[in-house]
Amino acid sequence: MYITIRFEDGYEIPAVVLDSRFYEALKGAVPIKSKTLTWKEEVYFETGIEFHGEEFSRVASGSLAYWPPGKSLCLFAWANQPYGPVNIVGWFLGPKHYVFEIDEDEEVEVEVFKPDLYSREAVSLTEHLVSNGFYAAPRKWAGTESIAGAYAKHNFRVGFEVFIEDFGYIVESDPIYERDFTAIDEAVQLRMKRVVKSRVDTNEDGYVILSEFVSKGQSLVEAVSQITKDYLKVVDILSLVG
C-alpha cells in the first residue's frame, strides 16, 4: 500500500503504509493538502485524519508515523525521536537525507500512488523489486524520474535510489557519513573497500555512500541486494548497531 507525498518545489517522497487501518483512513481523505512543519530532523504536516493505534515513544530512522495530537503525518529522517507518542504506520522510501531538502511552510499534497503518472520502465522495474522483497515506488524529483526504495528488517531500514539512464541504472544507498577529507575519512573509506563488494562512492550532496552500476534491468535486484547487504555490514563494522 503505497502513497506519494508531493512538495511544492517538485519533490516527491513515496512511502509504504504497512498499517492497513491507517491506509484505509488515509485513502478516504485523499487528496490531503497541507503545509509542512520541521522539527530537528523531521518533517511533518497536518492531515485532518482521526486515527488511534498502538503508540510508541521511540522510532527508527526512516519511519513514517502519525502523531495523534496534531493529526499529523511525520517523516523521521535520522536520529531524532518523537516529541510525544506516535503510531508507526510504515516507512518512507529513498535515501533519508532527501528529507532535508524540504523546507518549513511548503505546500504538500498526499495521494494514493498512481502508477500511470510514471514511465512503463520505472513501473516495471519497481514491480520487479517489490516482488523480490523490497519496498519501492517510482518518483519524480525536480523533474527527474527515478525509483525510491528501502529494505527493512528488525526495525532497521536501508534506503536506496535507482537512477534510470540511457546507458543503464545507477543505484545509490542511504548516506553513511558526510565526507570531510580528513585522514579519518580516508581511513574509513579504505576499511570499507576491504570488506564490501559495492562501490564506495560519494553522492552529489557530499555524503559517502555505496553505489552500483548495472547495464540491464534484470541485474537490478542483485545490485540492490548487494548494496543493502553491504550497508548493513558497514553499519555493524562501525559499531553503530549490534
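H154 sits in the loop between strands β11 (144-153) and β12 (156-165). The model is predicted: local features need pLDDT of at least 70, side-chain atom pairs count only at pLDDT 80 or more, and totals for chains, interfaces and linings use all residues. Residues are numbered from 1 along each chain as its sequence is written, and side-chain values use heavy atoms, without hydrogens or water. Helices (H or I, at least four residues) and strands (E, at least two) are DSSP runs, numbered from the N terminus.

**Backbone exceptions**

- Most residues other than glycine have a negative phi, and most peptide bonds are trans.
- H154 has a positive phi, near 55 degrees, and is not a glycine.
- H154 is exposed, with a relative accessible area of 74%. Exposed means over 50% relative accessible area, buried means under 20%, and partly exposed lies in between (1.4 Å probe, protein chains only).
- D105 also has a positive phi, near 70 degrees, in a residue other than glycine. D105 belongs to the loop between β8 and β9 (107-112).
- D105 is partly exposed, at 48% relative accessible area.
- The peptide bond from V30 to P31 is cis, with omega near -5 degrees. P31 lies in the loop between α1 (20-27) and β3.

**The nine-stranded sheet**

- Strands of a sheet pair through backbone hydrogen bonds, either parallel or antiparallel. Two strands count as paired if DSSP finds at least two bridges between them.
- Nine strands form an open sheet here, and their pairing is antiparallel. Their order is β3-β9-β1-β2-β8-β6-β7-β5-β4.
- The edge strands are β3 (32-35) and β4 (37-39), and each of them pairs on one side only.
- Neighbouring strands of this sheet are turned by 30 degrees against each other on average, direction ignored. Axes are lines fitted to C-alpha atoms (for helices over the stretch in contact), and angles run from 0 to 180 degrees between N-to-C directions.
- β5 (residues 42-46) and β7 (residues 72-76) run antiparallel and are joined by five bridges. E46 faces S72 of β7 across this pairing.

**Strand β8 and its neighbours**

- How many of the six residues of β8 are buried? The count is five, and the strand (residues 87-92) is mostly covered.
- β2 (residues 12-17) pairs with β8 in the antiparallel sense, over three bridges. V16 stands opposite W91 of β8.
- β6 and β8 also run antiparallel, joined by four bridges. L64 has G90 in β8 as its bridge partner.

**Aromatic pairs**

- Rings of Phe, Tyr and Trp (its six-membered ring) pair if their centres lie within 6.5 Å; planes under 30 degrees apart count as stacked, over 60 as edge-to-face and the rest as tilted.
- By this rule there are twelve aromatic pairs.
- Take F51 and Y66: their ring centres are 5.9 Å apart and their planes stand at 90 degrees, so the pair is edge-to-face.
- F51 is in the loop between β5 and β6 (63-67), and Y66 is in β6, so the pair ties together parts that are 15 residues apart in sequence.
- F51 is buried, at 5% relative accessible area. Y66 is buried too, at 1%.
- Ring pairs also link Y11, Y98 and W141 into a cluster.

**Helix α3**

- Helix α3 (residues 183-195) has 13 residues. Its first and last C-alpha atoms are 19 Å apart, close to the 18 Å expected at 1.5 Å a residue. The expected span is 1.5 Å times one less than the number of residues.
- Which residues of α3 are buried? They are D185, Q189 and M192.
- Seen down the helix axis, these buried residues fall within an arc of 60 degrees, so they line one face of α3. The arc is that of the directions from the helix axis to the C-beta atoms.
- A183, I184 and R194 are exposed on the other side of α3.
- The cover over the buried residues of α3 includes β14 (177-178), β15 (199-202), β16 (207-214) and α4 (220-237). Contact means heavy atoms within 4.5 Å.

**R157 in its setting**

- R157 lies in strand β12. R157 counts as buried, at 1% relative accessibility.
- R157 touches residues including W91, F92, Y151 and D174, where residues up to four places away in sequence are not counted.
- R157 and A183 are 26 residues apart in sequence. In space they are 29 Å apart, C-alpha to C-alpha.
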